[in-house]
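Keep the structure open as you read.

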Amino acid sequence: MAATALPTLTAKDLTTDQEVRWCPGCGDYSILAQMKKALSTVGVPKEKMAFVSGIGCSSRFPYYMNTYGFHTIHGRAPTFATGLRLAQPDLQIWLVTGDGDGLSIGGNHLMHVLRRNVDIKILLFNNEIYGLTKGQYSPTSRMGTKTKTSPQGSMEQPARPLTVALAAEATFVARTIDVDVQHLTGILQKAAAHKGTAFVEIYQNCKIFNDGVFEYATDKSVKADNLLYLEHGKPMIFGKDRTKGIRLNGLRPEVVQVGKDCGVDDLLIHDETTEDPTLATLLSRMVGPDFPEVVGVYRSVRKPCYEELLQKAADAEIAKKGKGTMADLFKAEDIWTVS
Amino acid sequence: MTPPAGAGVAEPKSAARTTPATSVEVDSVTIRFAGDSGDGMQLAGTQFTNTSALFGNDIATFPDFPAEIRAPAGTLAGVSGFQVHFSSREVHTPGDVLDALVVMNPAALKTNLKDLKDGGVLIVNSDAFEDNDLKKAKYTVNPLEDGSLKGYKVVRVPVTKLTRESVKESGLTSPRDQDRCKNFFALGLVYWMFERPLDTTLKWIKDKFGKKPEHLPVLEANTRALKAGYNYGDTVEVMPVHYKVAKAPIEPGTYRKITGNEALALGLVAAAHAAGKTLVYSGYPITPASSVLEQLADMKRHGVKTLQAEDEIAACGVAIGASFGGAIGVTGTSGPGICLKSEAIGLAIMTELPLVILDIQRGGPSTGLPTKTEQADLLQAMFGRNGESPAAILAPQSPADCFDIAYEAVRIATRFMCPVFVLSDGYLANGSEPWKLPDVSKLAKIEITHPTEPNSDGTQFHENGDGTKGKYLPYKRDEYLSRPWAIPGTPGLEHRLGGIEKQDTTGNINYEPANHEHMIHTRWKKIENIAHVIPELAVHGPADAELLLIGWGGTYGSIRAACERAQKQGKKVAWAHLRHLNPMPKNTEAVLKRYKQVLVPELNSGQLCWLLRARYLVPAEGLNKVQGRPFLVSEIEAAIAEKLK
């Protein structure tokens, strides 16, 4: 049997000659490294990859990937990526955005690219702050976050990126963490394999303006009690001793002690392929300290992409009337000849 | 008189005419159909146009409809009109004053009467002048009875009653449905008046309503109403006279009628065919540009991909993203949409990607006059972005010219790797004229090459080698300063584009002061280089002309007609029309400096005039109108007379 050799890449192949200019200790470095690692395994040649971004610290990402790249304007990256997809059906397209770029100035585009299910992998680096503009509160900043523009603390309810994505009918929704390198790589690989819009929220530490905001999820001594790692087909268990679980009580999830409040069989079993996004939405709304925050793949379902439906419509038209030519372009209902 | 095809079917007839109507030969007629938005006046006007075009007249049309989709019936706000100028000569405008006006209600009379010439024919649906109708149109006395119409040839026709009578055996039973045939009755009467055959419209009715059994009563009713209107003219002596307009001497060829927006869509698709490319068009619904998106959405078998975007910005982003991917990226909108797209257009300028932006101008600022025409976005296209961000600007001069300009825009955008604005307007978009189908083999070639190999020989920066050998340099420029267009998917040419200032040649991020200035100048110079591939400005007029009229865009017809009339009277006037506004043709300055006086007619407060004065230091003066309506030929004629007195 003839095996088709998949292209193999090294992290070096994917590195550009541009100096990386993020602040020392920024979570973006880890994401960049894991991205190169993940992409070296997905079997796609680098000329078949493109990175599109908007504006912000995260949006510098394309300059550091030796693939095709397009650093666009603030918030609008989904629109450029959509256009690129219409022109190039078989490119692997990644979109890198942040909480300000993706959920504030670009909130509208994010909703619509998800609803159209254009085949693009969206990574939202959530650091809950505006970093490039030097430290203003963002749409994901927690209530009370003190910044230069919120000296008394933020007075706004933070947006929940995954809840937003699920409400917009996203077909792939996941969360991971910048420093959990193994998990991050695995999620990136799964996003790469998804057909349709993939949406990945990455908790990302901003060393300068919002340091430690995700410490509860990264500090080894406490994170097991604060995070629930989703595994497809497995019960939702978490905690240092893996004795805590999530059970559904009516329409509300609750934390239970396994073996004390109930047995393992009473816990929610994770099924990422569930058509209905309701349960995934409930999980996306769980926040500490009352609940563990949920990481992993919430939802992964296959639905037609905009570009697939467009091609199907074109094929049907061609089957019916033939491929359009320049000559039949000008035909109209009423044509007359003057001799 | 020979009865027209299909007119011989028995209809309820009134007393037969005892004397035949006199026939008068005229060379040109302007007629307007006006009524409530629900009266089907656009349809009646379109049918009359098609019939006249097929008959062999030259034509130009202009629809005028309210911004409200369904204003309260019978009110002044709800009046919709369609004007047709048809002639045995070449025509360039839909006509200044009306020779004939058809009004279906008092509101239509009130809003349109001012355009009817003294002694013109006024056909009135006299059934629609009850107290309540008059009140809605804010008439205190009935204009049909107060003597105010005595300067016109008034033809009072009980259209509503006669239509109901004519369709009563059609199968349409409700008076409401029956009344919807009134436009066909009126159209039939007008066909009689101008000796037009009915067959084009009869065929249209059959094609439209003959396919489904439930529509057959509508087919029958409309057919009967049309014929009844015709026979009414033929048998009742209310119409004193009918008119003959002979065929026009039209260049041999195959023709169709085309509106500006139809021509834009076809021009874009033809260019994509010529280039062997996918056309990606993205727009957001906006008057008067939406019909371009609507048409292209139905042209998928021509390799057209459309996306109705979530907003104007997204539509522009989609087009630019498609260009990055190697397709022909186009977005279309009207003025308010251009404001929103400005930042994205700046990115296309900075990254030097091809992009075509259609701006179907309407009255501004802000929401302005959505359904009315204006030419007030020229300076927005020229300067309306942050930083110094030059783009090419083209403007079609007639509905049919929209085809050539759209095609030209794609050619320039891909040759010079830059955004190209197409400034059409509401008048061109909805107006129509006969269009001779182009000879495909004679269209300009659009040859696009995408590099497949690295383009650096390693000596870009130093003759002894600079380490770039074997690399792709995205901003390495050709003789016109255009850059190569390598597309994603090409092995070895991976590169990054972005909105940050870049080093020339390599495209690497670069903030050095001298580099920025160099790049600003290079982007300007590149746009100026377009002048090398466009035709020179043609001037029409006597060698000893003292006055030059120079215009752009949709005012072409009025300017040309006015100048030709003035020239016939021996006036020393010449005219020229700019289709390329940035850059302008190379000889523009020389042309301007040849004349003692330069007059710039524009439907704005003087935008081209401002550019000409600033750029060429000529004492050009403006002739300006900002009323949401095109120039009348007479207005320009008067200005010429004033200048040369």
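In which loop of chain B does B:Leu481 lie? B:Leu481 lies between β16 (432-436) and β17 of chain B. Helices (H or I, at least four residues) and strands (E, at least two) are DSSP runs, numbered from the N terminus. Phi of B:Leu481 is near 75°, a positive value in a residue other than glycine.

This is a predicted model: local features need pLDDT of at least 70, side-chain atom pairs count only at pLDDT 80 or more, and totals for chains, interfaces and linings use all residues. Residues are numbered from 1 along each chain as its sequence is written, while chains are lettered from A and ligands numbered from 1 in the order in which they are written.

**Backbone exceptions**

Most residues other than glycine have a negative phi, and most peptide bonds are trans.

**Domains of chain B**

Chain B is divided into domain 1 (22-245), domain 2 (256-442) and domain 3 (539-643). These bounds come from an automatic or database domain assignment. The centres of domain 1 and domain 3 of chain B, taken over C-alpha atoms, are 36 Å apart. Their contact takes four residues from domain 1 of chain B and seven residues from domain 3 of chain B. Two residues are in contact if their C-beta atoms, placed from the backbone, lie within 7 Å. On the domain 1 side, one residue is nonpolar, two are polar and one is charged. Here Ala, Val, Leu, Ile, Met, Phe, Trp, Tyr, Cys and Pro count as nonpolar, Asp, Glu, Lys and Arg as charged, and the others, Gly among them, as polar.

**Where the chains meet**

The contact between the chains takes 55 residues from chain B and 48 residues from chain A. Several elements of chain B each supply at least two residues to its side, among them α1 (41-55), β9 (253-259) and α12 (335-351). The largest share, nine residues, comes from α11(B). By class, the chain B side has 28 nonpolar, 17 polar and 10 charged residues.

A strand pairing also links the chains. Strand β2 (residues 68-71) of chain A and β17(B) pair in the parallel sense over three bridges. Two strands pair if DSSP finds at least two bridges between them. A:His71 has B:Gly498 as its bridge partner in β17(B).

**Helix against helix**

Two packed helices are described by the angle between their axes and the distance between the axes. Axes are lines fitted to C-alpha atoms, for helices over the stretch in contact, and angles run from 0 to 180 degrees between N-to-C directions.

In chain B, the axes of helix α7 (residues 199-209) and helix α8 (residues 216-235) come within 9 Å and cross at roughly 165°. α7(B) and α8(B) are therefore roughly antiparallel to each other (the term covers angles over 145 degrees). Residues of α7(B) in the contact include B:Leu202 and B:Phe209, and those of α8(B) include B:Val218 and B:Leu226. This contact has six nonpolar, three polar and one charged residue.

In chain A, the axes of helix α2 (residues 77-87) and helix α4 (residues 107-116) come within 8 Å and cross at roughly 35°. A:Pro78, A:Thr79 and A:Thr82 of α2(A) meet A:His109, A:Leu110 and A:Val113 of α4(A). The classes here are three nonpolar, three polar and no charged residues.

**Two open sheets**

Chain A has an open sheet of three strands, in the order β8-β9-β10, with antiparallel pairing. β8 (237-238) and β10 (252-257) of chain A stand at the edges, each with a single partner strand, so one side of each is left without a neighbour in the sheet. Six bridges join strand β9 (residues 244-249) of chain A to β10(A). One bridge partner in β10(A) is A:Glu254, which pairs with A:Arg247.

Chain B has an open sheet of five strands, in the order β18-β20-β19-β22-β23, with mixed pairing. Its edge strands are β18 (539-540) and β23 (621-624) of chain B. Strand β19 (residues 547-552) and strand β20 (residues 573-578) of chain B pair in the parallel sense over six bridges. Helix α17 (residues 556-568) of chain B lies across β19, β20 and β22 (597-602) of chain B, running at about 165° to β20(B).

How values were computed:
Parallel < 35°, antiparallel > 145°, perpendicular 65-115°, else oblique.
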